[in-house]
Amino acid sequence: MSVRERETARTDLARAQRDLHVERTTSSGDAQTLNRSLHAVKAIGQELTTLKSGGAAIAKLDDQDLATVRAAVQAGLAGQFDAYNAAVDQRASLDSQHDTSLEQLRQQTNTVIGTLNQLTG
Amino acid sequence: MSVVPSPRRDRRRRRRSKVLLITTVVALGVTVGCVGAALVVRNDTSDVQARAEPLDRQLRELIASEHNAERRLHALQSQSHTTAVALAAVLSAAQAQVDASNHAVDVANQAVDQYNNGQTDVAAAFKAAGDAAIGDLQARTAAVHSALTAAGRAITRLQTSGG
């Protein structure tokens with residue numbers, strides 16, 4: 001084991017100490033950002049679950065809307081005015097519920113999108 | 001007849017012996033010193049290497065941990081973006097469905113007006129634009145379902161990503 005090896009070992013030690021210090025002080029940014037992002041996603045967990053159920057409700061109302069409009073057009077094609085009027089009335093009764101649900105979903109979705117956009121940076 | 005060394009030659013021999021002895025002692029001292037110095041260097045080198053090893057290990061662990069955090073953060077950010085896009089697509093699809101539904105109702109109302117004004121028979125009035133409007137409404141309603149399915153998947157992935 002020569003004096004040169006000793007110098008190499010000392011240089012390696014100094015380099016390891018310096019690198020470790022640099023890593024500790026400068027490169028923990030991603031870990032901190034990850035923790036903040038995970039907390040943010042966890043915080044909107046309830047909203048995300050609500051969006052799923054709100055979306056399912058809208059899908060159901062859309063199906064009902066399609067069914068009533070189709071029934072109205074088919075009744076019109078068949079010349080059945082009573083059935084036509086009944087279908088139109090049924091659709092009208094769904095309208096306010098559909099509008100309210102959609103507006104609620106829009107607001108919740110936009111809030112969540114805003115949070116997600118902040119995470120994306 | 002015996003030879004008697006001269007006193008001068010005898011002194012010279014003694015001096016030479018003395019020089020040889022001193023040289024030997026000095027050489028021995030230098031050798032011992034070198035061996036001692038070598039042992040000190042060896043011990044010191046081993047000590048330095050022993051101190052460097054845990055630092056190297058800590059550094060490797062720290063770098064690995066940082067890379068892991070970087071990878072998870074990237075996945076989380078990517079999934080956040082995907083989810084935001086999927087949710088925006090749901091809103092667009094829902095709005096398109098509302099527009100298509102309103103258009104279909106307008107078409108039906110126009111058909112009724114045409115019939116009431118005696119411009120055409122009821123079946124022809126509905127047939128003209130009703131089929132297209134219903135077809136469009138059906139496609140838009142299916143698009144809402146697809147968008148909701150995609151958004152649901154994106155939400156699930158978001159909630160499990162980064163973990």
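**View 1. The end of helix α3 of chain A.** In this predicted model, the residue that follows α3(A) is G79(A), which has a positive phi near 75°. Helix α3 of chain A comprises 34 residues, 45–78.

**View 2. The side of chain A that touches chain B.** Here, 50 residues of chain A are in contact with 56 residues of chain B. Four helices of chain A, namely α1 (3–26), α2 (29–43), α3 and α4, each supply at least two residues of the side that touches chain B. The most is given by α3(A), with 17 residues. Sorted by class, this side of chain A has 24 nonpolar, twelve polar and 14 charged residues.

**View 3. The packing of α4(A) with α1(B).** Helix α4 of chain A (residues 81–120) packs with helix α1 of chain B (residues 7–116) at an angle of about 155°, and their axes are 9 Å apart. Because angles over 145 degrees count as roughly antiparallel, α4(A) is roughly antiparallel to α1(B). The crossing of α4(A) past α1(B) is left-handed.

**View 4. Residues in the contact of α4(A) with α1(B).** From α4(A), the contributing residues include L102(A), R106(A), T109(A), V112(A), I113(A) and L116(A). From α1(B), they include L76(B), Q77(B), S80(B), H81(B), L87(B) and V98(B). The residues of this contact divide into 13 nonpolar, seven polar and one charged.

Key: Residues numbered from 1 in each chain as written. Chains lettered and ligands numbered in written order. Predicted model: local features only at pLDDT ≥ 70, side-chain atom pairs only at ≥ 80, totals over all residues. Expected span 1.5 Å × (residues − 1). Axes fitted to C-alpha atoms, helices over the stretch in contact; angles between N-to-C directions. Parallel < 35°, antiparallel > 145°, perpendicular 65-115°, else oblique. Left-handed = near helix turned anticlockwise from the far one by under 90°. Contact = placed C-beta atoms within 7 Å. Nonpolar A, V, L, I, M, F, W, Y, C, P; charged D, E, K, R; others polar.
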